[in-house]
Amino acid sequence: QVSESVSPSGDSKNRGTMTAIAISQLSRPKGVRYECEICGKPATLECSDCPTYYCTHEHFDIDWRGIRHLIAADVVVLRERPKLIGSEEERERRNEELRAIRKELLELCTEQSQKFLVQGKYELAVPGALQSLKFAIEIYGGEAKELVPSYLLLAEANLGLRRLKIAEEFLSLANWNILKHPQAGSSMMSSLQRNF
């Protein structure tokens, strides 16, 4: 079986960029389910260089142009299996380094998504916003107030794409998160009310 390989530009011979390759069902570990980075549907494609998965070439292209070209090398480092060898101090130092990388990537993804929103490129804003949400969850946990900016980015991008139901879900998550954290102050609530 030959895997189809296409770069984000559509050029299958451009080896300077990553390519999407069909997932080999025979080599997939039993019970492992790969999900699309963009929509969460079952993935049929994987990136040739970065451990990411997609349901269509279109989603691969959107993710690449939206954020992946900036973060691919760091994502590979973050998704490497941790080494069990070494002292407790070395492992702790490694965890701190990974946390610092995640924080930098969170900021980069947020900035990139905001840039696309300002330009009116809502489809390209989604990957950065999704990735910023993933990094925020990894850093702060699933119920932290630091998730609100990512929820707002996703809501605004989906509003621009006329996906009103999805935008409403992200706004509800942001609102619920703010209500759970009254110490977050009125600045987050005013941002929510001002923008939406």
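## Helix 2 against helix 3

Arg 99, Arg 102, Lys 103, Leu 105, Leu 106, Cys 109, Thr 110, Ser 113, Phe 116 and Leu 117 of helix 2 are in contact with residues of helix 3, among them Tyr 122, Leu 124, Ala 125, Gly 128, Ala 129 and Gln 131. Contact means heavy atoms within 4.5 Å. Ala, Val, Leu, Ile, Met, Phe, Trp, Tyr, Cys and Pro count as nonpolar, Asp, Glu, Lys and Arg as charged, and the others, Gly among them, as polar.

This is a predicted model, in which local features need pLDDT of at least 70 and side-chain atom pairs count only at pLDDT 80 or more, while totals for chains, interfaces and linings use all residues. Residues are numbered from 1 along each chain as its sequence is written, and side-chain values use heavy atoms, with hydrogens and water left out.

The axes of helix 2 (residues 88-119) and helix 3 come within 8 Å and cross at roughly 155 degrees. Helix 2 and helix 3 are therefore roughly antiparallel, a term for angles over 145 degrees.

## Helix 3 itself

Helix 3 has 19 residues and spans 26 Å from its first C-alpha to its last, close to the 27 Å expected at 1.5 Å a residue. The expected span is 1.5 Å times one less than the number of residues. After helix 3 comes Gly 141, with a positive phi near 100 degrees.

Gln 131 lies in helix 3. Its relative accessible area is 4%, so Gln 131 is buried (buried means under 20% relative accessible area, exposed over 50%, with a 1.4 Å probe and protein chains only). Leaving aside residues up to four places away in sequence, Gln 131 touches Glu 37, Arg 68, Ile 71 and Cys 109.

## Helix 3 against helix 4

Helix 3 (residues 122-140) also packs with helix 4 (residues 148-160), at an angle of about 160 degrees and with the axes 9 Å apart. These two helices are therefore roughly antiparallel to each other. On the helix 3 side, the contact residues include Tyr 122, Ala 125 and Leu 133; on the helix 4 side, they include Ser 150, Leu 154 and Gly 160. The contact has ten nonpolar, three polar and one charged residues.

Arg 162 sits in the loop between helix 4 and helix 5 (164-180). Although Arg 162 is not a glycine, its phi is positive, about 65 degrees. Arg 162 counts as exposed, at 68% relative accessibility.

Note on methods: Axes fitted to C-alpha atoms, helices over the stretch in contact; angles between N-to-C directions. Helix = DSSP H or I, 4+ residues; strand = E, 2+ residues; numbered from the N terminus. Parallel < 35°, antiparallel > 145°, perpendicular 65-115°, else oblique.
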